[in-house]
Amino acid sequence: MSEKMTYAQAACLALQEAMRADPRVVALGEDLGRGGVFGQYRGLPQEFGPERIIDTPISEANIMGAAVGMALAGLRPVVEMRVIDFALCAMDEIVNQAAKNRYMFGGQGRVPLVARMPIGIWSASAAQHSQSLEAWFTHMPGLVVVTPATPQDNYGLLKASLASGDPVIYMEHKELWGLEGEVTAGKEVPLGQARRLAQGHDLTIVTWSRGVGVTLQALALPALAGIRADVIDLRTLWPWDKDAVYQSVAKTGRLLVVHEAVQASGFGAEIAASAAQETGCRVRRLGAPRIPVGYAQVLENEARLTPEKIAGAVHALLAQLH
Amino acid sequence: MTDERLLDLYRLMRRIRAFEDAAEIASQGGVAAWGLAASSKPALVRGPLHLSTGQEAVAAGVCISLQKEDLLTSTHRGHGHTLAKGANSSRMMCELFGRATGYNKGKGGSMHIADFSVGMLGANGVVAAGIPIATGAAHALKIRRQPHIVACFFGDGAANRGPFLEGLNWAQVYRLPVLFVCEDNRISATTPTDTMTAGEGVSARARALAIPSLKVDGNDVEAVDQAAARLIAEVRGGGGPRFLHAVTYRFKGHVSVDPGTYRNPEEVAAAKLAGPLRLAAGKLIARGVSQAVIERIDSEAQAEIEHALQVAEAAPWPEASAAYEDILNTGAGIWQ
Ligand SMILES: Cc1ncc(C[n+]2csc(CCOP(=O)(O)OP(=O)(O)O)c2C)c(N)n1
């Protein structure tokens, strides 16, 4: 049975089900007692009380570090970082503590936690609340990196992340919180499996998170009339679904990677290089220029992924000889 | 205190000392750090080896009141804490030698020594990083209604990092069962901490958060034991966090290859005279324990550690394929 709900509500439902099923699941972060700043925990404080939906001090390092300690002591914490930008205050706890624990201690410890850190441009919130830093975490052995694009995926991937037994960096997109869609409760979305949204022989477009919706808008533009693309939503950035990407580019011979994050050293580079190396395909990347996200609309737009920019990149790729 | 307890503490401190002395010798010829050239002799213990020589009373005096199910987080100087919590010296030595049979399968080494089976959740290469982890573990114990506590060791230098404040505040806000132990050797790597720490020092910071604290002579294992036992009983009784400030002294340089020439030799000599092992042995003698009993303890510790060295030298290296294990389950099929 499916039900229409928002991306935020879908995650809330997933967490609620997990918390009902497993008393070890707790959530901690700032303002969770109010249901979270985006309402993504709404109703949970009332149902589970302050001991399991934990309102914390503004102590990002300790929120992440405590979650590591909680995980080591038998809980399955969900960490709320509010926006990914604040996770930078907890980088040691993520990179040196959560990600390294299992390996460094020879498998003695496991750190099953889910760290939610919303990415993406948040309109008029400027440079410190709008970043998309997924590449930082894909670079880090020991971390799973998840970027849901739809309500159904936000439900299913959060469930899978809670069950994974490893530290998961879970990146929702701030502009997707209100996105509505059908969600089938109980429907699993496995980690590491991409989803194909459209079929075509002209090129492959690989994207994730808000890039998915923008890519579909781009394909509906008159500028791309007649062009048929395989569109792949990666859903999980680490481990990423290489098979799905390689199979598609083996057919189309052309790959465009699209992401909202800054293009330079972005995760698109990893996908493009891997695919080119494996299949000899032509590659092109589209990401943001290497600029902080500005406050004024005109500045923000420079960093924003748009259907028009995607259309331009598609034409550039199709015109590319090799 | 009974003579038995003091003898137990002495025995533990002696084992720690023997372990670290042996590890230090095994590390000679190791990393070319601190401006020293590597010798031609290959080192059995590679990489940075942070010794706690002179600080044994803090590890022993605190851990003697811990139960097996209690948890512990440590610093980069974690051998003493690990042994005191009940780890096996041979498996520890195997880890320092980088062998597959070490606690961490050779993936951690000295700086990450750990024995999760006795609740020792790891030494840590990042100063102060154990503090948030300890608060989280204590938080989990409270949520899971488990009657155990967490001991959190950190150095005087760690008190100047943010996670110290975040962790102490957190523990007090949620009244968590954690004993914070500042193992204050008065130096932070190579810098005297009093030149770097504003205000009245670490316990003043705990008091500012209304965390009850005690300050002790950290070289006097009986004093540490008494203070720690009292604070641990209060933590166990549900009183929330407590803070122990144990002032001690590090005999050696920052790492094994550091001769510590930046220290005043007279100060070092005086500290050695007042060191924890001498102090405890003197007390035992004064109470009528014979020199022979003490010497037997010393030689038993020596024999244990010599055995550990033999076990470690004979132990197998990890397979190269182990480098790809214990990273992620989810990635296993797709990574490579
Ligand atoms: C975050 C961080 N900064 C710096 C270092 C390098 N470092 C290792 S130990 C140390 C000194 C720590 O002082 P203290 O806590 O007093 O312990 P001590 O080594 O003196 O026993 C430093 C600066 C580190 N490991 N982690």
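Because the model is predicted, local features are given only at pLDDT of at least 70 and side-chain atom pairs only at pLDDT 80 or more, while totals for chains, interfaces and linings use all residues. Residues are numbered from 1 along each chain as its sequence is written, chains are lettered from A and ligands numbered from 1 in the order in which they are written, and side-chain values use heavy atoms, with hydrogens and water left out.

Strand E10 of chain A spans residues 203–207, where helices (H or I, at least four residues) and strands (E, at least two) are DSSP runs numbered from the N terminus. In E10(A), 5 of 5 residues are buried, that is, under 20% relative accessible area with a 1.4 Å probe and protein chains only, as against over 50% for exposed and values in between for partly exposed. Leu203(A), Ile205(A) and Thr207(A) point to one side of E10(A), whereas Thr204(A) and Val206(A) point the other way.

E10(A) runs parallel to strand E11 (residues 229–233) of chain A, to which 5 bridges join it; pairing requires that DSSP find at least two bridges between two strands. Within this pair, Ile205(A) is placed opposite Val231(A). A further parallel pairing, over 4 bridges, links E10(A) with strand E13 (residues 254–262) of chain A, and here Val206(A) faces Val257(A). Together with helix H8 (residues 210–219), E10(A) and E11(A) form a right-handed β-α-β unit, the path from the first strand over the helix to the second running clockwise when the strands point away from the viewer.

Around the ligand there are 16 residues, counted where a heavy atom lies within 4 Å, and those that come nearest are His76(B), Arg77(B), Gly157(B), Asn185(B) and Ile187(B). Polar contacts (pairs of N or O atoms within 3.5 Å) are found between oxygen of the ligand and a polar backbone atom of Gly157(B) at 2.7 Å, an N or O atom in the side chain of Asn185(B) at 2.8 Å, and a backbone N or O atom of Ile187(B) at 2.5 Å. Of the 570 Å² that the ligand exposes when taken alone, the protein buries 72%, as computed by the Shrake-Rupley method with a 1.4 Å probe.

The backbone nitrogen of Ile187(B) also lies 3.4 Å from a polar side-chain atom of Thr193(B). Thr193(B) is located in the loop between strand E5 (191–192) and helix H7 (202–208) of chain B, and its relative accessible area is 6%, so Thr193(B) is buried.

Technical notes: Polar contact = N/O pair within 3.5 Å; in protein donor to acceptor, adjacent residues only side chain to side chain.
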